[in-house]
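Biologist: Please put the model up. I would like to go through the labels and ask what stands behind each of them.
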Amino acid sequence: MVEVSPPWVKMCLPWRDELLGDTERGLVHGGVLTMLLDTVCGSAVLCGLPSPEVCPTLDLRVDHYRPALAGQPIMAEARVLRVTGAMVFTEGTLWQEPERPIARGIGNFVRLGPRNTPPGFAEALFGDIGHD
């Protein structure tokens, strides 16, 4: 996590050799990019609600613009676009160089509400830092 300014978050995935999908050309696996978009959009959801609740991913659309290259960290940011009683709509972007997006994701998350959120959920996520 790099920065949190609800309902917006920014993350950095440091480079690791295990992220490679194409070792000959030095390209990051597409599944890594999808996972990172799901994670950053889901994190925006958690800090964009009045109180944390379980919100599984309903749909994640990923548009790939260019390959992610080996040896460089991948930056990710996402924001909540809209919150309804049943859904949270988000948008996320990945990049390695500023102003040159690698991929964009639109994530839709289902709100399961307090009734389906286990006791201690916020504490397990945020520890002692609290959540406003």
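Biologist: Why is Arg104 called partly exposed?
Modeller: Its relative accessible area is 28%. Buried means under 20%, exposed over 50%, and partly exposed in between, with a 1.4 Å probe and protein chains only. Arg104, at 28%, is therefore partly exposed. This is a predicted model, where local features need pLDDT of at least 70, side-chain atom pairs count only at pLDDT 80 or more, and totals for chains, interfaces and linings use all residues. Side-chain values use heavy atoms, leaving out hydrogens and water, and residues are numbered from 1 along each chain as its sequence is written.

Biologist: What makes Arg104 and Asp63 a salt bridge?
Modeller: The closest N and O atoms of the two are 3.6 Å apart. A salt bridge needs a side-chain nitrogen of Lys or Arg within 4 Å of a carboxyl oxygen of Asp or Glu, so the pair counts.

Biologist: Which parts does the pair tie together?
Modeller: Arg104 lies in strand E8 (residues 100-110) and Asp63 in strand E5 (residues 57-64), so the joined parts are 41 residues apart in sequence. Strands are DSSP runs of at least two residues, numbered from the N terminus.

Biologist: Why is Asp63 called buried?
Modeller: Asp63 has a relative accessible area of 18%, so it falls under the cut-off for buried.

Biologist: How do you know that Asp63 also forms a salt bridge with Arg61?
Modeller: Their closest N and O atoms are 2.8 Å apart, so this pair meets the distance rule. Arg61 is partly exposed at 49%.

Biologist: Which residues are linked in a network of salt bridges?
Modeller: Arg61, Asp63, Arg79, Glu91 and Arg104.

Conventions: Helix = DSSP H or I, 4+ residues; strand = E, 2+ residues; numbered from the N terminus.
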